[in-house]
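Colleague: I have a model open and would like to go through it with you. Can you put it on screen?

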Amino acid sequence: MKTPTLDDLRRLLSPRDETCLTIVMSVLNDDADQARWEGLRSRAREALSALPKRESDALLDQLTLRLPKPPARGLTVFRSKSVHEQYQSDVPVKEGVWVSRRFQVRGLLESIRSNARFFLLDLTHNRVALFEGDHFGLAPRAVPDLPASFDVAVGVEHADRVVSLTSAGHTNTVWHGQGKLEATRHEDELKFVRAVADAIKVNLADESAPLLVSGAGKLPVMFKEHCSYAHLLPEIVHGSFANAQLGALHARSWPVVQSRLDARDKQLVDDYHNSVSGDKATDEVTTLGRAAVEGRIQTLLLAKDGHLFGKLDAKTGAVEVSNSAEQGDILDRLLEEVVTHGGNVHTLDAGQMPSRSSAAATLRW
């Protein structure tokens with residue numbers, strides 16, 4: 001069971017010449033969950049009834065309920081010939097079953113925003129550790145080639161330059177060369193932070209979640225000077241956390257991230273208003289449709305729980321508005337087109353939207 005990322009969204013929306021089944025279920029963490037799942041599974045079988053029985057059976061085989069741990073508020077199952085994945089959600093979900101040539105992913109976007117994923121790098125001389133977190137907590141993330149400590153990064157060359165002297169029962173590290181002490185130490189620390197920055201750059205190359213740094217002394221500052229990750233936050237969580245519980249580290253780091261996310265939402269709205277005057281923003285649905293399929297949308301803003309029923313032509317972007325939910329949701333199709341073309345999508349509360357429309361966007365051109 002996984003929490004979704006924007007990269008998951010893009011992968012699930014990649015073109016597929018196969019039947020795609022999406023099941024979304026509310027999780028109440030009670031005895032009725034199993035019965036609710038069986039009901040949705042029955043609806044899925046009915047929705048697949050037009051397929052040959054062997055094909056529908058293949059999609060439904062091994063489609064069993066796996067409840068999230070720790071408990072979540074919803075789960076989404078994606079099933080096709082080549083895909084079998086489940087994602088948990090910590091926000092309320094709208095139950096449903098969808099069968100088409102694409103997966104129904106809009107519900108994941110709400111979960112992504114709620115999870116508000118971020119990375120935390122705890123950096124000291126004695127320990128380097130990367131964590132992945134959200135508003136619930138932190139979990140370690142393995143990073144290949146990430147040096148575990150200062151000594152590991154600088155290796156034997158560093159060891160040859162230091163000597164341990166014991167005096168009165170205490171061990172102190174003394175750096176050789178009276179006049180070169182600071183320069184030598186600085187060189188080794190630069191080597192250390194560059195090794196950390198290189199490993200982070202490679203491992204987070206496809207990520208867009210913010211990265212926050214914690215630690216004591218000057219190492220976090222040095223790392224920030226050499227880190228090229230585009231979403232590095234300017235703040236530093238100062239302190240020594242090597243022996244701290246993850247809960248304590250999360251309690252120090254999450255308020256910083258939350259403040260940044262709130263500021264991001266405000267900036268998105270400000271960017272929209274600033275772009276309107278230059279004809280680089282719109283909330284008019286027919287313009288949004290054309291811009292979406294042409295890949296011209298930079299950032300799409302969608303109102304939570306907003307709907308606009310109808311059709312969006314995938315080739316021309318023509319929009320046909322309808323009063324019937326059976327025609328589909330144009331907002332979902334806008335989301336799919338924007339994500340597929342590498343644009344950004346954010347959901348906002350209706351009162352935060354920059355206009356009365358349920359969709360608005362800034363344009364690339």
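Colleague: What should I know before reading any of it?

Modeller: This is a predicted model, where local features need pLDDT of at least 70, side-chain atom pairs count only at pLDDT 80 or more, and totals for chains, interfaces and linings use all residues. Residues are numbered from 1 along each chain as its sequence is written, and side-chain values use heavy atoms, with hydrogens and water left out.

Colleague: What is the mean pLDDT of the protein?

Modeller: The mean is 87, and 91% of the residues reach 70 or more. pLDDT is the predictor's confidence in each residue, from 0 to 100.

Colleague: Where is confidence lowest, and where is it highest?

Modeller: Strand β8 (residues 162–167) is lowest, at a mean of 39, and strand β17 (residues 359–363) is highest, at 98. Over residues 162–176 the pLDDT is below 50, though this stretch has 25 contacts in the model beyond near neighbours in sequence. A contact means heavy atoms within 4.5 Å. Where pLDDT is low, the predicted coordinates should not be read in detail.

Colleague: Changing topic, how many helices and strands are there?

Modeller: The protein has ten helices and 17 strands. Both are DSSP runs numbered from the N terminus: helices are H or I with at least four residues, strands are E with at least two.

Colleague: And what does the C-alpha trace span?

Modeller: About 80 × 55 × 35 Å along its principal axes.

Colleague: How many of the residues are buried?

Modeller: Buried residues make up 46% of the 365. Buried means under 20% relative accessible area, exposed over 50%, and partly exposed in between, using a 1.4 Å probe and protein chains only.

Colleague: Why does Cys20 count as buried?

Modeller: Because its relative accessibility is 0%. Cys227 is buried as well, with a relative accessible area of 13%.

Colleague: Next, Glu85. Where does it lie, and is it buried or exposed?

Modeller: Glu85 lies in strand β3 (residues 84–89). Glu85 is buried, since its relative accessible area is 17%.

Colleague: What is Glu85 in contact with?

Modeller: Leaving aside neighbours within four places in sequence, the contacts of Glu85 include Lys2, Arg11 and Phe78.

Colleague: And how far is Glu85 from Thr22?

Modeller: They are 63 residues apart in sequence and 10.0 Å apart in space, C-alpha to C-alpha.
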